[in-house]
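The sequence and structure come first.

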Amino acid sequence: MSEMVTLKINGRQVQAPAGSTVIEAARDANIHIPNLCSNPELEPYGACRMCMVEISHGKRTRLVASCIYEVSEGLEVKTDTQRVNNVRRLVIELMLSRNPKHPRLLELAAQHGVEGTRFEIDVRGCILCGQCVRTCREVVGVSAIGFESRGTQRRVATPFNESPAECIACGSCAYICPVDVIPLKEKDGVRTIWKTDFPMLQCRSCGRTIAPKRQLEHFAKITGQSLDDLTKSCVHCR
Amino acid sequence: MKKIKSPADLTKLQEAAKQRFDPEKPCIAFCTGTGCLAYGTQKLVDTLKDEIVKRNLGDRVYIRNTGCHGFCERGPMAVIYPQKIFYQKIKLEDVPDIIEKTALKGEVIDRLLYKDPVTKTKIVKEDEVPFYKKQMRLVFGMNGLIEPTSIEDYLAIGGYGALAKALHQMQPQQVVDEVIAAKLRGRGGGGFPTGWKWDATRKAQGEPKYIICNADEGDPGAYMDRSLLEGNPHSVLEGMVIGAYAIGSTHGYIYVRNEYPLAVKNITLAIEKARELGLLGDNIMGTDFSFDLLINRGGGAFVCGESSALFASIEGRSGEPRAKYVHATDRGLYNKPTTLNNVETWANVPLIINNGSAWYAGIGTEKSKGTKIFSLVGKINNTGLVEVPMGITLREIIYEIGGGIPKGRKFKAVQTGGPSGGCIPEEHLDMPVDFDALTDLGSMMGSGGMIVMDERNCMVDVAKYFLSFLEGESCGKCTPCREGVLQMRKILDRICEGKGAMEDLDTLEWMGQAIADGSLCALGGSAPNPVLTTLRYFRDEYEAHIKDKRCPAGVCKALITYSIDPETCTGCHVCARICPTQAATGEKKELHTINQELCIKCGACYESCKFDAVKVS
């Protein structure tokens with residue numbers, strides 16, 4: 001058990017393990033902090049800036065991203081100040097300029113009193129929260145996709161924009177995407193993702209499609225089982 | 001060469017290095033910094049050398065290829081010792097005269113002297129030139145004296161004496177305390193007290209400890225770090241080795257941009273020479289302290305000057321900042337305790353150790369000590385690098401050192417602190433320059449860029465320029481910087497096209513604050529500064545663009561027309577000759593006119609008219 005520290009969130013005393021982040025402490029205390037790039041399964045990243053909170057330690061007050069800021073004894077956190085809300089409103093308006101219609105963003109906008117964006121709209125869909133890239137690297141462990149270019153040109157891409165050599169077609173990226181912009185299609189025993197067709201394997205007992213061959217090969221490699229073992233039966237007939 | 005094993009060994013080498021030169025024998029010290037090389041100085045030096053060989057004068061005249069002298073406006077330039085005669089704008093055909101008259105006979109060549117534009121008198125000696133006179137060149141001054149490629153030259157001016165003192169007479173903590181007492185603050189932008197940083201790294205848990213020299217200078221128009229690395233690399237190295245000893249570091253890096261080939265070359269050579277002499281490597285100067293360093297060449301991303309992005313870049317990842325809210329002094333490069341200081345900061349260290357903290361703290365203002373090198377550029381007569389004591393006023397820098405604004409135009413603003421600094425208007429020119437005063441004005445010291453603007457600069461356009469730079473240099477990781485700066489720039493585009501609305505100004509101010517509050521690193525955190533400061537000091541210019549659809553400085557193309565004033569036009573025909581679209585026409589010695597249909601508003605006629613007959617409205 002790690003050491004516990006006591007902090008205050010919105011005036012409420014909260015205990016949290018040392019080394020944990022403010023957003024985790026808030027989550028455990030049932031205090032909601034809006035966010036778009038934070039995910040308990042992923043390493044702290046701090047990119048979307050929705051989760052900004054105002055902290056004070058003694059006299060000094062400043063804004064920090066709660067998903068990467070670690071708790072400490074005596075820390076005071078306010079999740080709902082004017083300054084915090086200004087940043088969140090800006091972030092929402094900026095996200096809407098890339099993706100004006102997604103229900104999740106519209107819902108966030110409504111919650112923060114944002115009635116649409118004042119900015120020039122250039123629909124890109126992706127809000128660059130990086131959850132897909134990070135999931136692929138940190139959870140799946142293959143790093144098939146990454147970021148390309150920098151600044152306003154930044155986008156999620158496969159290496160050299162070609163068929164991703166490392167991709168196992170698991171679909172985690174599409175699943176985790178908060179704004180549903182990674183297309184994944186399955187038809188006639190073939191999964192199509194990142195503009196590449198991945199053949200799927202069928203269950204040898206019931207004949208149902210289980211998973212892409214590349215994904216099962218990946219599982220085989222990390223579990224030490226054979227592909228035969230993995231296709232003997234499936235969740236449906238087991 | 002034999003390794004230096006003790007302070008006595010060093011003294012012996014320093015003495016030997018001094019003996020190599022006869023102080024009475026004439027020495028022609030050419031500036032061969034990147035700026036002067038661009039003027040074609042290399043050819044001058046080669047010709048001079050050929051002449052000397054041809055005339056068999058090798059034992060009567062020295063030539064020295066030094067680093068940047070700072071007065072870049074006047075290159076190619078040379079100083080002739082021992083009289084310290086200063087020649088500027090030297091041409092190839094001047095070479096024989098320089099040897100014949102000045103080097104051999106000590107005569108002064110009048111046409112190569114600097115003429116003071118104010119008093120119209122010619123000035124013979126370098127230190128009497130107004131540009132140099134008001135400066136205090138503690139860090140930068142040695143550039144003009146030594147060959148950067150020669151460790152002997154550096155030894156001859158007492159080089160590595162501070163290191164000997166630190167290693168043999170001081171405990172590491174004493175060195176740290178000395179730097180704390182000197183109140184040296186980081187010259188890279190933040191102005192964080194260097195000694196505290198060293199102290200924190202020294203006391204942090206974790207091995208090895210790293211020290212890094214940040215030479216990723218990327219501000220448009222700023223080149224003081226480049227010139228220091230090019231011109232006096234050993235001073236930076238000496239500072240780093242002293243720092244390593246104080247902190248307890250065994251490994252160091254110099255992170256330098258690959259676009260600085262001469263700096264990379266000279267510092268690489270300096271490291272090799274220092275290793276040969278045992279000033280780097282194992283058992284430095286015969287002690288049990290060991291330290292070595294590597295050069296890491298950056299790929300030119302502005303954001304890699306930010307500490308965590310710089311670490312990522314050295315570690316082999318893409319240069320993106322990570323805000324861990326943990327100090328680099330605890331967990332920096334490879335998550336180990338790290339001290340990162342910029343080139344100029346390191347170069348200040350030997351001075352402090354040699355002369356003591358009391359001497360150093362005696363220079364400057366209460367909270368900003370020592371000198372600062374500024375890169376004085378833009379609409380200024382004397383473009384160049386100037387080193388001044390903290391606390392000097394902007395007016396002294398611009399008018400007394402910089403020689404004022406060219407063509408008798410009116411000063412409008414000075415932009416300090418690089419692209420994310422701010423624009424300071426006339427009314428604050430008497431403010432003493434230090435870290436805190438500049439921050440109070442909404443600008444910052446930054447790494448020392450100083451861009452002067454006159455009445456022909458549109459402040460909205462200036463803000464747009466800097467914002468576009470930052471938009472291109474944003475890494476793109478966090479939303480406020482990536483998208484926010486882009487949208488701010490788009491609003492400025494609209495204003496410059498005469499399509500702005502008064503609400504835009506409120507939006508800009510609101511966004512500026514939120515971007516500063518919400519961004520992940522200092523790039524985004526300070527990116528709105530150019531807009532916020534121009535809004536604060538030059539709001540009327542924004543309003544003129546929006547309300548009157550007028551650009552008062554005559555810059556924003558959509559809002560201006562060029563015309564020729566019949567009263568002043570002399571029919572000299574220059575505008576017609578220079579106009580790329582034949583919009584400006586007229587017979588010689590008769591009134592010229594501009595056809596608005598054809599005019600592309602390039603401003604060539606406006607700039608070229610000697611009689612100011614081209615009007616912009």
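My entries on a helix pair and a sheet follow.

I noted that the model is predicted, so local features need pLDDT of at least 70, side-chain atom pairs count only at pLDDT 80 or more, and totals for chains, interfaces and linings use all residues. Residues are numbered from 1 along each chain as its sequence is written, with chains lettered from A and ligands numbered from 1 in the order in which they are written.

**Helix pair.** I looked up helix 8 (residues 172-182) and helix 14 (residues 343-355) of chain B, which pack at an angle of about 100° with axes 10 Å apart. Helices are DSSP runs of H or I, at least four residues, and strands are runs of E, at least two, numbered from the N terminus. Axes are lines fitted to C-alpha atoms, for helices over the stretch in contact, and angles run from 0 to 180 degrees between N-to-C directions. Helix 8 and helix 14 of chain B are therefore roughly perpendicular (65 to 115 degrees). Helix 8 of chain B contributes V175(B), E178(B), V179(B) and A182(B) to the contact, and helix 14 of chain B contributes V349(B), I352(B) and I353(B) (contact: C-beta atoms, placed from the backbone, within 7 Å).

**Sheet.** I found an open sheet of four strands in chain B, in the order 9-8-7-10 with parallel pairing (pairing: at least two DSSP bridges). Strand 9 (292-298) and strand 10 (338-342) of chain B are the edges. Strand 7 (residues 210-215) and strand 8 (residues 251-257) of chain B pair over six bridges. A215(B) stands opposite V256(B) in strand 8 of chain B.

How values were computed
Parallel < 35°, antiparallel > 145°, perpendicular 65-115°, else oblique. Contact = placed C-beta atoms within 7 Å.
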